Amino acid sequence: MTTTVNEKKRPTPKDAPGGDPLVPDFQVAIIGAGPGGIAAGVKLSKAGIDNFAIIERSDDFGGSWHENQYPGIAVDIPGVAYQFGFARKHDWSRVFPFGPEVKKYHQDVARDFGLYEHAVFNTNVDKEVWADDAHYWNLHTTSGKVITARFVISAVGAFVRPRADSIPGTTKFKGKIQRPTSWDYSWDLAGKTVAVVGTGASAVQIIPAIAKDVGALTVFQRTPVWCAPIKPDGPMPKAAQGVLKIPGLVAGGESAALVVIDFLLRAAVSVPLTLVKPVLTAFDKVAISGYATFLKLFIRNAETAKKLTPNYGVIAKRPTMSNGYLQAFNRNNVSLVTEPIDTLTAKGIKTRDGVEHQFDMIVLATGYEVFSDPETYTVGSIVGREGFDLGEFYTKEGMQAYQSASVHGVPNRWMLVGPYSWTGSGWHAFVEMTADHAIRAITEAKRRNATLVEVHRAAADAYHRKILHSNRAVNFYLADLNAHVPTYYRNSQGDSTYIRPSGFFEASRGNRKFPYSDYNFAKVEPATQTRATAAAKFDQVSNK
């Protein structure tokens, strides 16, 4: 496995002049080079912390926007709301930019802020183990190398890794298998018979993008998706780009939107549950009935319209927008199958009714392992103080983290996307907030000359009790009212740990102004042996 790095300069330790075996390779290791990793890197630099590495399993910045390159990929919110507060872009080419432009934006930001100098690409961290005696993390990589860091910021994002194939027989199929994360554009779709398995956010974009090119397209649906048939997309007029250059305009618009989102979320979690239950129940009933009526009018085939009708609430799963998804089912070459899949065969897909559907190509858009599921944190992959295993803890005690970022027993480590974390805001505003939490704690540790920072158990427990109390309405909606529908908003333990049941501004204050007294700061005694500097270690990690 080759690891590369931009060679403008090497990060050098500011607080380790090359003499202490207790000094790790890096002061901070950021795992992941997507939006969260970029935000953390920029904010570390602004805080005057230059001895850090951004460890990325792929070969460039961008995260999901680098790994996913499937047909039709685009953001599902306007581009002006999908960007960093410290690097606003006024000249998006479209209202909802396509994937390549979004990827380029993130890579341009990383380049502009000098993050390529800190990047360790093509390096996958398999296991993180805390060293009790030295107060740093040993990051075990797939290649066998071990990278050490005093502090770790996990910026792996919401969708941690593609879900393993859950459908039997994928190795039997003799045709072409495509996945959103590894699309092969050299394979010619023209006139081919194609299947798409799944109707999630990726499939909603893939289906209309390829329907016009293939000979026949069959969509295999487990759960119908809520999809608005009009996405207000199109080229961004030059005049609009000019207006967006007005200082403070985009930031002001974003703040106004956050005020609205904050109000709605606060209202949802503060209203007594006795009032929330009948309101939400009635809301879902009316929404489902109304959408069913719409589909009967919009979809030409009555049976297809019926199959596309959800039997769950509009926000129980991730809702979508598309100018082509529902329209695709009015094409003569597109059909919908809802019979469960039994297995893939050499020629195609066999459903449980015994029918074998033959295809030239099968697209497996079957989703990802998500941060809010305990199974994502495998036992042994994150081992903290005195053998504390995060995977075992989440399995036994449920998903939880102080301010969604840190866990008692796992010192010097913060998650940018942790349990009960998403605030309904744009993604960048959210990860900037949690990055600020980590860097505030690290900066205070430097000020105190501390080598260990760990949230107190009492503070973590008190915060989790508050979250559970505030989450009652959300949990009723996702785990009771809509318990029949599979959704990553509700995890395998039946808990709705994806959404933070508070307003955006409360979350911002919690992450940016948490009491230092909620953390324990301690110091390991230095040793006297000498060792190579962190810069030399960076050379070793980067070039071997």
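Predicted model: local features only at pLDDT ≥ 70, side-chain atom pairs only at ≥ 80, totals over all residues.
## Ground rules

Helices (H or I, at least four residues) and strands (E, at least two) are DSSP runs, numbered from the N terminus.

Residues are numbered from 1 along each chain as its sequence is written, and side-chain values use heavy atoms, with hydrogens and water left out.

Most residues other than glycine have a negative phi, and most peptide bonds are trans. Gln403 is not a glycine, yet has a positive phi of about 50°. Its relative accessibility is 9%, so Gln403 counts as buried (buried means under 20% relative accessible area, exposed over 50%, and partly exposed in between, with a 1.4 Å probe and protein chains only).

Asn122 also has a positive phi of about 50° although it is not a glycine. You will find Asn122 in the loop between strand E3 (119-120) and strand E4 (125-131). Because its relative accessibility is 24%, Asn122 counts as partly exposed.

## The nonpolar cores

A nonpolar core here is a set of buried Ala, Val, Leu, Ile, Met, Phe, Trp, Tyr and Cys residues joined through side-chain atoms within 4.5 Å. The largest one has 129 residues, and those with the most contacts inside it are Phe61, Ile153 and Leu217. Helix H11 supplies the largest share of this core, nine residues. Apart from it lies another core, of twelve residues, including Val337, Ile341, Phe359 and Leu364.

Take Ile153 as an example of contact, which means heavy atoms within 4.5 Å. Setting aside neighbours within four places in sequence, Ile153 is in contact with residues including Val28, Ile30, Leu44, Trp414, Ala438 and Ile442.

## Inside and around H11

Ala441 is in helix H11 (residues 427-448) and, with 0% relative accessibility, counts as buried. Beyond its neighbours within four places in sequence, Ala441 is in contact with Trp414, Val453, Phe514 and Phe521. The C-alpha atoms of Ala441 and Phe84 are separated by 22 Å, and these two residues are 357 residues apart along the chain.

Lys43, found in helix H1 (residues 35-46), is buried, with a relative accessible area of 15%. Not counting residues up to four places away in sequence, Lys43 touches Phe86, Glu432, Ala435, Asp436 and Ile439.

Two packed helices are described by the angle between their axes and the distance between the axes. Axes are lines fitted to C-alpha atoms, for helices over the stretch in contact, and angles run from 0 to 180 degrees between N-to-C directions. Angles under 35 degrees count as roughly parallel, over 145 as roughly antiparallel, 65 to 115 as roughly perpendicular and the rest as oblique.

H11 and helix H14 (residues 504-512) pack at about 20°, with their axes 8 Å apart, which means H11 is roughly parallel to H14. On the H11 side, the residues that meet H14 include Ala429, Glu432, Asp436 and Arg440; their partners in H14 include Phe504, Ala507 and Arg512. By class, this contact has four nonpolar, five polar and four charged residues (Ala, Val, Leu, Ile, Met, Phe, Trp, Tyr, Cys and Pro count as nonpolar, Asp, Glu, Lys and Arg as charged, and the others, Gly among them, as polar).

Helix H6 (residues 249-270) packs against H14 at an angle of about 100°, with axes 7 Å apart, so H6 and H14 are roughly perpendicular to each other. Ser255, Leu258, Val259, Asp262 and Arg266 of H6 make the contact with Phe504, Phe505, Glu506 and Arg509 of H14.

## H7 against H13

Helix H7 (residues 273-298) and helix H13 (residues 472-481) pack at about 45°, and their axes are 10 Å apart. That angle makes H7 oblique to H13. Among the residues in this contact are Leu273, Val276 and Asp284 in H7, along with Arg472, Phe476 and Tyr477 in H13. By class, the contact of H7 with H13 has seven nonpolar, one polar and three charged residues.
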